[in-house]
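Here are a few notes to read alongside the model. Keep the 3D view open as you go.

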Amino acid sequence: MLKELRTFTSGLQKQFGSMASYRIRHFPNPKPDYDEESPLPQVPAVEIIANLTDIVTKIVQGVKPTEKNAGDGIYLGTAGIAYMFYHLCKIPTLSMSKREYLNKGIEYLKPAINVASCAATRTKEVPSFILGNCGIYAVAAVIYKAVGDDPQSSQFRQLYYDAAKICKEAKFLDCGSDELFVGRAGYVLGALWLSKETDTPIQKQDIYEICKIIMKSGRDYSQSHQSPCPLMYSYYQVEYLGAAHGLCSILQVLMSVPGYLDANALDAVDIKRCIDFLLSIQDKEGNFPSATDEIGHQCDLVHWCHGAGGTAYMMAKAYLVFKEEKYLNSLRLMADLIWEKGLLKKGPGICHGVAGNGYVFLLLYRLTREPKSLYRAIQFYKFLGTEEFQNGARTPDAPYSLYEGLAGTACFFADLTSPLHATFPFLDVF
């Protein structure tokens with residue numbers, strides 16, 4: 001049904017033009033761009049922390065740590081709010097509240113652990129990082145490590161590691177086994193984050209084996225569907241390209257596994273060819289189609305989940321790995337597009353909201369130290385407090401959640417106070 005709907009919508013776009021001509025997805029950016037002759041931008045840290053405190057209060061008042069609110073993993077559930085508290089506790093400007101944040105993190109984590117325990121019998125869903133059990137296990141392992149409870153941390157790390165065997169089944173999910181939210185790429189991403197945050201080695205043998213399975217799956221699909229890209233994947237029969245379910249996050253994850261490209265030269269060649277394929281379909285504005293059936297049409301989605309807001313991280317990683325300016329140039333073009341069209345009406349969140357796009361400027365600032373990017377990030381923060389946004393933006397379905405709502409916005413606010421350490425949740429490319 002989904003495939004037929006997308007085909008129908010694509011036909012309408014060909015006949016009548018882009019849906020954006022009927023419904024503008026973003027607010028016009030009211031701010032002038034950075035003037036190189038202006039003073040260096042100053043982060044209003046005191047103001048941001050005050051606003052951040054208000055946001056955290058709203059979240060605690062709006063979402064209680066109950067099992068009723070703990071479904072849908074870290075994406076919408078209380079485990080995502082637990083992650084937010086962990087994220088905040090690591091920010092230098094918020095160090096005075098570290099213990100309080102960790103305690104609240106455990107409070108919001110516990111109902112998610114209970115839900116995960118009930119869902120553990122649904123074996124195929126366990127490796128899901130964004131929407132399922134493994135994301136909860138990873139956050140639990142990290143928070144318990146942070147509070148000094150090593151036995152609990154080790155227990156949840158082991159539960160995470162045990163899920164690797166499920167990922168090794170060629171098609172363990174009927175909808176597609178390789179993407180970020182529920183598939184192998186998400187599992188590997190979570191394993192890398194878990195290793196870094198708990199200061200423990202990755203399970204190298206398992207992770208390399210899963211990467212090889214991802215490569216084989218992508219090659220097999222590409223060959224059987226005569227794709228122009230050496231690796232291709234589908235999720236619910238759609239060949240997505242963006243970060244949420246598509247090719248770019250899979251490539252980013254593969255590039256991020258320590259030593260994998262050096263140990264697998266042929267895989268490195270195909271990964272780079274895939275990145276160059278994506279580069280070849282970047283439009284003149286800087287955006288990318290959300291799926292292969294939209295190549296050649298106007299790309300209207302400027303989100304983290306679909307479009308430039310998420311592809312930016314893959315391109316940044318490509319620049320760091322392959323050291324070629326064309327990848328940084330692509331990222332700059334995406335940032336220019338986001339400055340023009342990234343003040344999204346969908347809300348404040350990081351998946352398809354203003355904060356998610358604001359993170360791209362912090363990414364570019366860490367890469368280049370250019371004040372222009374920091375200025376732009378500050379302006380996106382300021383726009384979130386305007387009457388225009390407050391009165392004109394839509395309220396997300398899960399208004400306090402990590403990916404759709406205010407918990408992700410809180411992470412963005414906190415990171416803005418320490419921009420040289422800023423990290424989109426789970427997606428540190430450095």
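1. Start with His352, which sits in the loop joining helix H15 (325–341) and helix H16 (354–368). Helices here are DSSP runs (H or I, at least four residues), numbered from the N terminus. A heads-up: this is a predicted model, where local features need pLDDT of at least 70, side-chain atom pairs count only at pLDDT 80 or more, and totals for chains, interfaces and linings use all residues. Residues are numbered from 1 along each chain as its sequence is written, and side-chain values use heavy atoms, with hydrogens and water left out.

2. Is His352 buried or exposed? It counts as buried, because its relative accessibility is 16% (buried is under 20% relative accessible area, exposed over 50%, partly exposed in between, with a 1.4 Å probe and protein chains only). Not counting residues up to four places away in sequence, His352 touches Tyr75, His303, Cys305, Leu344, Lys346 and Glu404; contact means heavy atoms within 4.5 Å.

3. Now look at Cys305, in the loop between helix H13 (265–280) and helix H14 (308–322). Cys305 is buried too, at 6% relative accessibility. Beyond its neighbours within four places in sequence, Cys305 contacts Gly242, Ala243, Ala244, Cys351 and His352.

4. An unreviewed UniProt entry marks Cys305, Cys351 and His352 as "binding site". They are spread over 48 residues of sequence but cluster in space, with a largest C-alpha distance of 6.4 Å. UniProt positions follow the numbering used here, feature names are shortened, and annotations may be inferred rather than shown by experiment.

Technical notes: Helices (H or I, at least four residues) and strands (E, at least two) are DSSP runs, numbered from the N terminus.
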